[in-house]
Amino acid sequence: MSQPIELKAEHIMDIHAVCPEKERIFVGQNDFGLLRAICITGGEFHGEKLNGRIVPGGADWNTGYGGESPETFTSVNVFAKYLLQTDDGIYIAIENSGKRDKTKSQPLIVTTPRFFAPRGKYEWLNYGVYVGSLNGCIRDGIKGVDIVIYKMF
């Protein structure tokens, strides 16, 4: 039997997305869970190869399962789509999906981000496998999320 290959990761960026409580839309609940649209109103990102801001207008389509409210959910699926704008004015789309199993006291939501970057300086983001961790936070009294993204190799 061959030896397992050790995976390595390169830190790509840290993201802070602003998601104020007043910008959260309760879509509703059915047999398949409780859906909320959590609007992303801004934020910033920083990495060794790119920095910039989050363009207002994205959202996290957040579905909770196994409970009647976010406090009682046993698991959560997230699917966020939003735009990054680099310091040099380039727009990059990001889709970030993930899950959290609250029955195991998993503190972070584990995600698999995907990028759409135009040809040029940031095109390298279109290739590779990315993973991330997402954690809720409050900064200056406003809710948001902190996301750390790595490229696997």
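The legends below describe close-up views of a predicted model.

Local features are given at pLDDT of at least 70 and side-chain atom pairs at pLDDT 80 or more, while totals for chains, interfaces and linings use all residues. Residues are numbered from 1 along each chain as its sequence is written, and side-chain values use heavy atoms, without hydrogens and water.

**View 1. The largest pocket holds about 750 Å³ of space.** A pocket is an open set of points on a 1 Å grid over the protein atoms alone, where a 1.4 Å probe fits, with protein on both sides within 12 Å along at least five of seven lines. Its volume is the space filled by probe spheres set on the points, which are joined across faces, edges and corners. The lining comprises 34 residues, each with an atom within 4 Å of a point. Closest to the centre are Arg-24, Arg-36, Ile-38, Asn-62 and Gly-136.

**View 2. Strand E9 gives the most to the lining of the largest pocket, five residues.** Strands are DSSP runs (E, at least two residues) numbered from the N terminus. Among the elements that give two or more residues are E2 (24-30), E3 (33-40), E5 (51-65) and E9 (129-139). By class, the lining has 20 nonpolar, six polar and eight charged residues.

View 3. A disulfide is a pair of cysteine sulfur atoms within 2.5 Å. The sulfur of Cys-19 has that of Cys-137 as its closest cysteine sulfur, at 8.2 Å, which is too far for a bond. The structure holds zero disulfides.

Notes
Helix = DSSP H or I, 4+ residues; strand = E, 2+ residues; numbered from the N terminus. Nonpolar A, V, L, I, M, F, W, Y, C, P; charged D, E, K, R; others polar.
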